Amino acid sequence: MSRRMEQFHDVQGIAFGIVMTSLGVLFLESCGLVTGQLAGLSVLASFATPLSFGLAFFALNLPFYVLAWRKRGPAFTIRTLIAVAGISTLSPLLGRLITFQTLPVPLGAILAGCCIAIGLIALFRHKASAGGIGILALWLQETRGIKAGWVQMGFDAVIFGMAAFVLPLDQFMWSLVGAVILNLLIAWNFRLPTPAQP
């Protein structure tokens, strides 16, 4: 594949990831639901403070760019910064452009989990991320021997522990359902590329 074609594939893939993740966030916010990772913390912040999701998501990701730069290099960091800025900008824009006359909470949870999973898989496949805890988890695994999956699961447990005090029980439970769908879809559908055989 030529360099120009590879760049085109990365641009369209990251753009697709931004759109799908932002749409998933719209479903979450429309139903008053949360998810895990920094996106979930940002949604909680938007419920509890005057901050919008976009501003909270962008601000909470800032400290993690140093880790991204050191552990994944400038290209990954720049792509991740573009993805986070795109999601932070597009999510509130979609919220102003799209309204739902009827959106049952169970359906919103399922659609949010599906859309965010698809968006994150697209970002991962094109050497970017939505920032945050994944970068920290990788660093802890590399430097402290703590499994990245356990770090992410522990952070999600904290997020949902906080959500239990903010959300009604039914919204809390459907938030959990959406988060499980999201993580299962990523686990089932995303694979690291296999090295080319010599």
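Two residues are in contact when heavy atoms of theirs lie within 4.5 Å. With that in hand, we can look around this predicted model.

Let's start with Arg 79, which sits in helix α4, a run covering residues 64-97. Setting aside neighbours within four places in sequence, Arg 79 touches Asp 10, Ile 14, His 126, Lys 127 and Ala 128. Its relative accessibility comes out at 19%, so Arg 79 counts as buried, given that buried means under 20%.

Helix α4 also turns up in the packing of helix α3. Spanning residues 53-61, helix α3 has Phe 53, Gly 54, Ala 56, Phe 57 and Asn 61 as its buried residues. These buried residues of α3 pack against α1 (3-31), α2 (37-48) and α4. As a bit of background, an α-helix has 3.6 residues a turn, so residues three or four places apart point the same way.

Now for the surface. Leu 93, Leu 97, Ile 98 and Phe 100 make up a nonpolar patch there of about 330 Å². One of these, Ile 98, belongs to the loop between α4 and α5 (105-125). Ile 98 has 30% relative accessibility and therefore counts as partly exposed.

Finally, a word on confidence. The chain has a mean pLDDT of 85, with 91% of its residues reaching 70 or more. Residues 194-198 are another story: pLDDT stays under 50 over this stretch, and the model gives it 0 contacts beyond four places in sequence.

Note on methods
Residues are numbered from 1 along each chain as its sequence is written. This is a predicted model: local features need pLDDT of at least 70, side-chain atom pairs count only at pLDDT 80 or more; totals for chains, interfaces and linings use all residues. Side-chain values use heavy atoms; hydrogens and water are left out. Helices (H or I, at least four residues) and strands (E, at least two) are DSSP runs, numbered from the N terminus. Buried means under 20% relative accessible area, exposed over 50%, partly exposed in between (1.4 Å probe, protein chains only). Patches are made of residues with over 30% relative accessible area and no salt bridge: like charges are joined within 9 Å, nonpolar side chains (Val, Leu, Ile, Met, Phe, Trp, Tyr) within 5 Å. Accessible areas come from the Shrake-Rupley method with a 1.4 Å probe; for residues, only the protein chains shown count as cover. A salt bridge is a side-chain nitrogen of Lys or Arg within 4 Å of a carboxyl oxygen of Asp or Glu. pLDDT is the predictor's confidence in each residue, from 0 to 100.
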